[in-house]
Amino acid sequence: MLRRQRELDSALELDRADPRLHDVLRLGAYQLRWLTRVPSHAAVSTSVELARETVGEGATGYVNQALRKLSGTRYPVSGIGRSHPDWLVARWTARFGIEETARLVEWNDSKPALTIQPARVDRATVLQTFADAGIPVVEAAFGAGIEVHRIADSGYLIPQLPGFAEGEWIVQDPAHALVARFAAIPSGQLVYDACAAPGGKAVALASRGARVLAGDARHERLGRLTETIRRAGVAIQGFAANLEAAPLRAGSVDAVLVDAPCSATGTMRRHPDARWRLQPGIFPRAAARQARLLDAAAPLVKPGGTLIYATCSLEPEENEEIVESFLSRHPDFTRSPRDHRAVPAELLTAAGDFQSLPQRHGVDGAYAARLVRSR
């Protein structure tokens with residue numbers, strides 16, 4: 001429904017409807033147009049009942065009439081931008097061009113695959129677990145995980161899949177697993193994952209031999225961090241901590257990962273609501289916070305240590321521009337030399353940063369820079 005929201009809103013003429021009915025009408029219209037397994041009368045009846053529960057008896061007639069009017073109506077075929085805000089499409093078109101933007105929009109409007117990463121057990125064990133259950137899997141893009149096929153056909157919800165309860169694996173897109181590879185933290189080093197929730201990158205770093213401290217200031221997300229650590233069975237210390245409040249002693253860790261809160265324009269395929277929540281002003285606001293987080297992280301890194309900055313954004317204001325500005329303020333940090341041994345060369349920018357673009361690489365959008373402290 002969220003992916004088709006703009007088309008639905010246009011067909012429903014929602015500007016005339018009570019705002020409390022908007023989602024009820026969208027859900028009903030989506031079922032009428034795209035869920036062919038749902039009979040039209042059932043879609044209308046369910047929506048009328050939802051309207052009664054949400055607004056009251058007086059709204060039922062309006063919802064019934066609006067949806068029956070749409071029943072059997074064909075919507076216009078989506079074109080570039082019809083499923084995204086105009087300003088966002090214009091922004092991407094100016095940067096990527098029309099063809100790439102069309103592929104990006106198409107990617108965002110498709111249903112994401114389920115990609116998992118081994119946790120308590122090795123890859124071979126996970127593959128055998130799924131083979132025994134008769135659920136087909138393939139290698140994920142760039143060899144970064146295992147892609148599970150036909151989840152809907154299997155009858156399973158994700159927590160019911162084999163190996164989930166036992167913590168054999170966690171859910172994580174290849175792009176985010178590749179960021180952990182790009183970080184290249186040597187085994188045995190102490191790393192502070194400063195914006196760790198929900199915990200996937202912390203688990204990935206620990207599985208590669210790092211000793212991980214995982215903190216997050218967002219209390220509503222700490223439960224997910226704790227649950228991820230528990231399920232994965234890794235020796236990670238998780239705690240509530242605000243990076244800007246200097247939670248650790250200066251120069252006390254070998255590396256800090258700042259997986260900064262961002263606009264998340266690289267993950268709209270998985271979070272289709274994000275496109276409607278964003279406003280153009282988000283980028284400068286996000287960039288100001290990201291700069292503060294990097295400045296706060298820098299003193300925690302030992303001389304010779306590493307500061308990794310990462311986002312799931314496609315936007316330069318949140319990515320390379322943040323890093324360039326940071327380096328201009330901190331001459332004791334430099335970019336790590338470009339090295340394609342950790343990740344494929346096609347995922348490295350000319351400056352040596354990691355960047356995945358959905359329309360080019362077939363994975364979520366992500367960015368990371370690896371900065372080394374010289375003194």
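1. The lining of the largest cavity has eight nonpolar residues, no polar ones and one charged. Here Ala, Val, Leu, Ile, Met, Phe, Trp, Tyr, Cys and Pro count as nonpolar, Asp, Glu, Lys and Arg as charged, and the others, Gly among them, as polar. This is a predicted model, in which local features need pLDDT of at least 70 and side-chain atom pairs count only at pLDDT 80 or more, while totals for chains, interfaces and linings use all residues. Residues are numbered from 1 along each chain as its sequence is written, and side-chain values use heavy atoms, with hydrogens and water left out.

2. The volume of the largest cavity is about 40 Å³. On a 1 Å grid over the protein atoms alone, a cavity is a set of points where a 1.4 Å probe fits but cannot get out, a pocket is an open set with protein on both sides within 12 Å along at least five of seven lines, and lining residues have an atom within 4 Å of a point. Grid points are joined across faces, edges and corners; a volume is the space filled by probe spheres set on the points. Among the lining residues of the largest cavity are Val179, Ala180, Ala183 and Lys201. H9 gives the largest share, three residues.

3. Helix H9 spans residues 174–183, and nine of its 10 residues are buried, so it is largely enclosed by the rest of the structure. Buried means under 20% relative accessible area (1.4 Å probe, protein chains only). Helices (H or I, at least four residues) and strands (E, at least two) are DSSP runs, numbered from the N terminus. The cover over the buried residues of H9 includes helix H10 (200–207) and strand S9 (301–311). After H9 comes Ala184, with a positive phi near 50 degrees.

4. The largest pocket holds about 1600 Å³ of space. It is lined by 49 residues, and the closest to its centre are His176, Pro198, Arg221, Arg224 and His271. Its lining divides into 23 nonpolar, 10 polar and 16 charged residues. His176 is also one of the buried residues of H9.

5. Cys195 counts as buried, at 8% relative accessibility.

Technical notes: Buried means under 20% relative accessible area, exposed over 50%, partly exposed in between (1.4 Å probe, protein chains only). Contact means heavy atoms within 4.5 Å.
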